[in-house]
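Please have a look at the structure first, and then we will go through the interface step by step.

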Amino acid sequence: MTSPKKATATAHPNIALVKYWGKRDEALILPHQSSLSVTLGPLSVTTTVEFREGPDEVELNGRVAEGSERSRVLHVLDVLRAGTPQGGAKVVSRGDFPASAGLASSAAGFAALAVAARAAAGLPRDPRAESILARLGSGSACRSVQGGVCIWRRGQAADGSDSFAEQLVDASFWPELRLVVAMVSREEKDVKSRDGMRLTEETSPYYLAWATDAELEVERASELIRRKDLEKLGELAERNAWRMHATALAADPPLCYLKPATLELILRLKEARRQGVPVWFTLDAGPNPVLLTDAAHEDAAVALARSCGAAEVVRCAPGGDARVVDAHLF
Ligand code: DP6
């Protein structure tokens with residue numbers, strides 16, 4: 001390689017309404033079941049990748065990445081470089097939302113990395129290839145390459161070539177949809193998703209039932225989204241979140257991501273609905289629920305979250321595709 005090649009991309013995080021929980025292949029990050037998520041605007045992560053002579057350098061949110069953070073980034077780049085040889089990489093990545101927002105920045109981060117790295121290598125935009133590359137950093141990242149609602153099909157192939165996310169509808173399809181992150185707890189979760197899903201799969205007697213059910217729920221959720229049926233979609237999202245957590249609670253040792261404040265809020269939603277506020281929850285592997293509602297009831301959902309002790313809330317709506325941008329971070 002002679003001249004330096006540099007590109008920058010921006011991607012949004014996503015929240016799954018049908019969760020991914022468990023891998024059939026740890027190295028390739030292939031899931032047991034399909035999952036479905038909403039891409040979340042306006043939050044974003046921006047990543048610049050430059051290929052040039054010299055050692056690999058990775059900086060995330062202002063500090064030099066070390067350990068598994070660094071090796072996961074380099075793994076994604078190494079897979080790309082195995083196909084299209086490049087020099088050493090300099091990677092700088094920055095999120096515009098604090099870790100305290102309770103949303104993992106890894107999904108947006110790896111999606112932005114995959115898009116920027118392919119562009120820096122001179123490859124054309126290709127959502128399928130970008131989704132597969134992002135997946136190798138973090139499974140849920142494959143669903144952040146495109147906006148709106150995306151489905152990660154589990155695929156069948158041993159090499160993962162058919163395990164990537166596809167867009168069901170774009171961000172303009174359901175602009176009134178709202179997702180409110182309710183920060184009821186700032187405690188660090190003690191078991192990361194990667195370890196939690198492994199433990200669940202290895203020890204929970206309910207794991208097979210979880211995976212079988214989630215696969216079927218993806219088709220149902222797709223239909224409800226096409227019909228913009230918030231009530232039925234909310235019910236499905238809650239059911240799927242409860243089932244993921246039930247599976248995890250049945251692991252050995254049990255995995256409980258809920259805090260008392262989590263339960264207080266999510267148990268209040270039934271009463272809120274009785275009073276006419278259409279609001280449901282989903283919950284990732286942590287204590288902070290994400291409330292599902294519409295634009296007309298966003299303020300009511302925020303007020304409810306605050307009344308249950310949420311010190312901070314983050315208001316989100318469907319976000320757009322990951323995109324290549326001109327403003328480099330270095
Ligand atoms: C509960 O994608 O963070 O948020 O593939 O091991 O990096 P790795 O895990 P990750 O797990 C996400 C789990 C989840 C559900 C979801 O986003 O589908």
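When I speak of contact here, I mean heavy atoms within 4.5 Å. Please keep in mind throughout that this is a predicted model. The protein chain is divided into domain 1, residues 5-171, and domain 2, residues 177-318, and the C-alpha centres of the two lie 23 Å apart. On that definition, 36 residues of domain 1 are in contact with 45 residues of domain 2.

How much area is buried between domain 1 and domain 2? The value is about 3200 Å², and carbon and sulfur atoms give 66% of it. Within domain 1, the residues that lose the most area to domain 2 are Leu17, Lys19 and Trp21, which together make up 28% of what that side buries.

As for which elements build the domain 1 side, strands S2 (14-18), S5 (35-41), S10 (149-152) and S11 (165-169) each supply at least two residues to the side that touches domain 2, and S5 gives the most, with six residues. By residue class, that side of domain 1 divides into 19 nonpolar, eleven polar and six charged residues.

Conventions
Residues numbered from 1 in each chain as written. Predicted model: local features only at pLDDT ≥ 70, side-chain atom pairs only at ≥ 80, totals over all residues. Heavy atoms only, no water. Domains from an automatic or database assignment. Buried area = accessible area lost by both parts, 1.4 Å probe. Helix = DSSP H or I, 4+ residues; strand = E, 2+ residues; numbered from the N terminus. Nonpolar A, V, L, I, M, F, W, Y, C, P; charged D, E, K, R; others polar.
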